[in-house]
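Please look over the sequence and the coordinates before reading on.

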Amino acid sequence: MIYKLQFVDLLPYWDVLARGLVFTIVLTCVSTAAGVAVGTCGASARAFGPRWLAGVVAAYVEIIRNTPFIVQLFFVYFGLPTLGLKLTEAEAAFLAMTINLGAYSTEIIRAGIEATPKGLIEAGVSLAMTRMQVLRHVVLKPAFQKTWPALASQIIIVMLGSSVVSQISAEDLTYAANFIQSRNFRAFEAYFVVALAYLLLAITARALLRGLGARLFPGARS
Amino acid sequence: MKPAFASLFALMLGAAAIANASSARAEALDDILAAKVIKIAVPTDYPPFGAIGSDMQPQGLDIDMAKLIGKELGVKTELVAVSSANRIPYLQSKKVDLVISTLGKNPDREKVIDFSAAYAPFFMGVFGARDVAVTKPDELMGKTVGATRGALEEQELSKLAPASTTIKRYEDNNATVAAYVSGQVDIFASGNAVAAVIADRSAARAPTLKFVIKDSPCFIGLNKDEPKLLAKVNEIIAKARASGETERMSQAWLKAPLPPGF
């Protein structure tokens, strides 16, 4: 059987695709920034915080890393309104992705922190640096240098994983493909174009993250 | 024409004549009354019209209707579980006498089987919480409506609703239901069967009908050329309407009064 690809049929839906692309990009950028911030705090708390806080963070990390992302997303979108917290689908997608990336990046950054020799921290303290200064310059910066490639990979995984937010009616790239194929039944073409868009997004994101890493953390491996 | 073909042709004509004669023989109604049993095709996979109850017996609006027909005829009702794909073939091959399985009327079906009067409402509509004041598509202006992406009602709603309406399209029927029950949307488009199931399971969010998108009431299907059976079935339906029996079934299973016209 020969299937004739007809990409022309996608043209009337270019605005749906464009809006989906923008939504995916914005969602990824915002939740990456928030997720890495959560991860940095989480990793610091786990390494230097009081025991109870380290325990709470450890529980958070284990819960999130051992449950599927789509279940976390449904929990936020369908579950939280029962508790009185009603979020729009975009807010729910952002929150779920931040929580998810936060847990993974906590573990990644913690690995970098633990690789910092104790002697370095003591050296910082003996130079009369404050605790925050030690954390920032002596601990976190080298930690990011060491773990940047792993973190970049995780960010891309989260971006690709964001495709499931279409399940809660968030209008991302995958939603665009689902919508188009429900209208003109050109499933092959729709998913082909969207797969290509994800591929290009991932390649671009990787390049941008590499550049960002080289700039923010000179000497970072990539 | 060669003799061999001629005789074959004659044989075929004869066979056709016999087939005609047998369908013109005793009416199905007489057969049913003589056998004291009526075989009726019902769904068992489509609540609240037909499903298997916790006692492992079929239950639902279609099942109640089937039992009512048997009772009115004074014969035993034998339920035959069918799927929506095989319900008409079951009737055509005379495995059943009637089909009571949320059967909608359309020209293609009317070519092959006959339909009784409508016995139950079936429609796609926009439903919502009791306090939502919407009575027609224009009043959805600025409101948010949930629907199942690609479903008939979602496509129709996309055409009917004003441009300022936000339609949230969910992956499947369950997600649309979950969005309504959890309060993510207060209005949704769906079939009346789905709305009835929600009303049954979560009384606090019992949806009410705002307006109908597409109406396709349920009819009882029977084989063509059965005037006596058709008349009898219609008589039973008319009687059930007059006595309020169809209203009771609608209230019991669809959790809604019968719409005007029933």
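Predicted model: local features only at pLDDT ≥ 70, side-chain atom pairs only at ≥ 80, totals over all residues.

Chain B has 262 residues, of which 38% count as buried. Its secondary structure comes to ten helices and 13 strands. Two domains are assigned in chain B.

**Overall layout of chain B**

- Along the principal axes, the C-alpha atoms of chain B fill a box of roughly 80 × 45 × 35 Å.
- Consider contacts in chain B between residues at least 6 apart in sequence: 68% of them join residues at least 24 apart.
- Domain 1 of chain B is made of two segments, 26-122 and 217-254. Domain 2 of chain B spans 124-215.
- The centres of the two domains of chain B, taken over C-alpha atoms, are separated by 29 Å.
- Where the domains meet, eight residues of domain 1 of chain B are in contact with five residues of domain 2 of chain B. The domain 1 side has eight nonpolar residues, with no polar and no charged ones.

**The five-stranded sheet of chain B**

- Five strands form an open sheet in the order β10-β9-β11-β8-β12 (chain B), with mixed pairing.
- Why do β10 and β12 of chain B stand at the edges? Each has a single partner strand, so one side of each is left without a neighbour in the sheet.
- Neighbouring strands of this sheet are turned by 25° against each other on average, direction ignored.
- β8(B), residues 123-128, pairs with β11(B) in the antiparallel sense over five bridges. Within this pair, Val126(B) has Ala189(B) of β11(B) as its bridge partner.
- Helix α6(B), residues 152-160, lies across β8, β9, β10, β11 and β12 of chain B. α6(B) runs at about 95° to β12(B).

**Helix α7 of chain B**

- An α-helix has 3.6 residues a turn, so residues three or four places apart point the same way.
- Gly183(B) follows α7(B) and has a positive phi, near 90°.

**Strand β1 of chain B and its partners**

- β1(B) covers residues 37-43 and is mostly covered, with six of its seven residues buried.
- β1(B) runs parallel to β5(B), residues 76-82, and seven bridges join the two. Pro43(B) has Val82(B) as its bridge partner in β5(B).
- β1(B) also runs parallel to β6(B), residues 98-103, with two bridges between them. Here Ile40(B) stands opposite Leu98(B) of β6(B).

**Contact between the chains**

- Eleven residues from chain B and eleven residues from chain A take part in the contact.
- On the chain B side, β10 and α7 are the elements that give two or more residues. The largest share, three residues, comes from β10(B).
- By class, the chain B side has three nonpolar, four polar and four charged residues.

**Two helices of chain A**

- α4(A), residues 89-114, and α6(A) have axes that come within 8 Å of each other and cross at roughly 145°. The crossing is right-handed.
- α4(A) brings residues including Met97(A), Leu101(A), Tyr104(A), Ile108(A) and Ile109(A) to the contact. Among the α6(A) residues that they meet are Val139(A), Phe144(A), Lys146(A), Leu151(A) and Val158(A).
- The residues of this contact divide into 13 nonpolar, five polar and one charged.
- Pro149(A) is found in α6(A), which spans residues 131-161. Is Pro149(A) buried or partly exposed? Pro149(A) has 16 C-beta neighbours inside 10 Å, so Pro149(A) counts as partly exposed.
- Pro149(A) lies 146 residues from Tyr3(A) in sequence. In space the two are 41 Å apart, C-alpha to C-alpha.

Note on methods. Residues numbered from 1 in each chain as written. Chains lettered and ligands numbered in written order. Helix = DSSP H or I, 4+ residues; strand = E, 2+ residues; numbered from the N terminus. Buried ≥ 20, exposed ≤ 12 C-beta atoms within 10 Å, placed from the backbone. Contact = placed C-beta atoms within 7 Å. Nonpolar A, V, L, I, M, F, W, Y, C, P; charged D, E, K, R; others polar. Domains from an automatic or database assignment. Axes fitted to C-alpha atoms, helices over the stretch in contact; angles between N-to-C directions. Left-handed = near helix turned anticlockwise from the far one by under 90°. Pairing = 2+ DSSP bridges.
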